[in-house]
Amino acid sequence: MAALGIIDSANLNGGQKLAVKYFTVAIALFGAQVLFGLLAGIQYLKPDFLFGILDFSVNRMVHINAMVVWLLFGFIGSSYWLLEDESGVPVAGLGLGNLIFWVFTLAVAVVVVVYLLIQVGPGDQSSIWLINEGREYIEAPRWADIGIVVCVLVFFYNVAGTFAKGKYTGIGGVLTLDLVALAGLYLAGMFYTPNISVDQYWWWWVIHLWVEATWEVLVGCLMAYALIKTLGVRRKIVETWLYIEVALMFGSGILGLGHHYFWIGTPEYWFTIGGFFSALEPVPLVAMVVHSVFDAGAHQMKNKNHPALAWIIAHAFGNFFGAGVWGFMHTLPQINLYTHGTQWSASHGHLAFFGAYATIVIGFIYLALQKWRGDVWMSGGLVDNGWKWKWALALLNIGMIGMTMGMLVAGYEQSQIERAIEGSTWTGYFAAQAHHWFQQGMFWRQIFGWAFAVGFVLLVWDLMTIGKRETRPAQALHEAGAA
Ligand code: HEM
Ligand code: HEM
Ligand SMILES: [Fe+2]
């Protein structure tokens, strides 16, 4: 083991060496997401900004595709991170896993460059294959789709093969089964149909069932592992909760899918099914928050990695508010009739994706850095008092909450003026867009967006420097979790 405080791959096991590569690309793509979000936000305020050079539709697409991909990279990295530790054996087929990392990264880079170079033009079979498939969030052309499937299969082989060889744990078992569902669902977003209702019907299988079922379960596994690692929580406790959450999440999330089937031409029974089951979706999220707060209290907040735990707590609350509360607000068909597709949705989308997923990936990266620097001290009293991670945490969270509020105000105004008063007419649409509440909402979204961006820069700086020149080893835990 190398000296404390110095980044050295010798501190990592095989899977973890690969994990930090995934994390590095994840952070770079996070940066791209922020950049293109800011550009798209400016275009809301000044519609002719970069017009004809970098169109809003492209900025928006790169913004949200970068998000999906950086979060996936974060999840894949986190899985590789815990693989050998959980199973007790080296990763099966690690060489192939390494190769696939480079293929995946290169494919993502090519896709983004093509998005930027070919911004307009007719859509036909060749554009579906080579340029853009035109499905929001997963616009990648079909060649890349197929490539992604191959990469994910290799990743799956790494995970399943390793657990098959090594120890079985609850976290490992849930993770493996969840990846089957996650990879399988992606296929639903890959085929083309000229009927927009049918197309949307299947597209939601990826979007909704990913974020409200398989991703939630995946981060449940990550959370369980992270709680054991930061606080020394007993495995029995976290795994019991994990099973309960899995049951609740799938129980409500699968039929909760119906809340996207209200207005796309699907049968009316979806009103009842979607309204009822999606309203139950927040239940596991409440359980998760109660559980985390309880854990933190039970251990008097003694933990070996302050930034990681802070981000895990941000995850618990972000998931609860962003997905649970913000989602619930517009999930009943009676309300969704007015809010559908307004800034209300964007407000929820931002708080949920950031709160539930960005947070936990960032927390995991802090866990990784601690070990990468030789299991260095990362509790209270850091060399620089930890101001960078604390300010990054504050600015990113305040920035996100501020953006969310700006969009929510705009969304309320749209629901009221465009929908309730003007009855969803074309003139109502424009009246709502011209209203000063809408414009002020968009203005404040941008201001808080800048705060978020500053937070991001600080985060990167902190990730590059935290633990440097630190000479104390990590705080010891009662390794109850390892027992
Ligand atoms: C972490 C979990 C979640 C994430 C990441 C998430 C994200 C999103 C995003 C991005 C959209 C906009 C989709 C589009 O572009 O059309 C959306 C829509 C929606 N979400 Fe969620 N969501 C989550 C959980 C939930 C939950 C738990 C509920 C309900 C309790 C919910 C209710 C809704 C509804 C009703 C819509 C449709 C909005 C509309 O009609 O325009 N979401 N979600
Ligand atoms: C600098 C910060 C950011 C700014 C200025 C920003 C701005 C924007 C803009 C202008 C849009 C297009 C909205 C529309 O079509 O009406 C958008 C969409 C979106 N952004 Fe961001 N964004 C930022 C950060 C983030 C982060 C950190 C996340 C999540 C981790 C995120 C998730 C999303 C999602 C899910 C959508 C699609 C929402 C929907 O269609 O309902 N954004 N963002
Ligand atoms: Fe949904």
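Ligand 2 is surrounded by 20 residues, the closest being Gly37, Ala40, Gly41, Gly349 and Gly449; a residue is near a molecule if its C-beta atom, placed from the backbone, lies within 6 Å of it. This is a predicted model, in which local features need pLDDT of at least 70, side-chain atom pairs count only at pLDDT 80 or more, and totals for chains, interfaces and linings use all residues. Residues are numbered from 1 along each chain as its sequence is written, while chains are lettered from A and ligands numbered from 1 in the order in which they are written.

At least two residues of the shell around ligand 2 come from each of helix H1 (14-45), helix H2 (56-87), H13 and helix H16 (436-465) (helices are DSSP runs of H or I, at least four residues, numbered from the N terminus). H13 gives the most, with 7 residues.

Turning to ligand 1, 23 residues lie around it, and Ala323, Gly327, Ser345, Gly349 and Ala352 come nearest. Two or more residues each are given by helix H7 (196-231), helix H11 (306-329) and helix H13 (343-372). The largest share of the shell around ligand 1, 6 residues, is again that of H13.

Elsewhere, the axes of helix H5 (residues 142-165) and helix H6 (residues 170-186) come within 10 Å and cross at roughly 165 degrees (axes are lines fitted to C-alpha atoms over the stretch in contact, and angles run from 0 to 180 degrees between N-to-C directions). H5 is therefore roughly antiparallel to H6, a term for angles over 145 degrees.

Notes: Angles under 35 degrees count as roughly parallel, over 145 as roughly antiparallel, 65 to 115 as roughly perpendicular and the rest as oblique.
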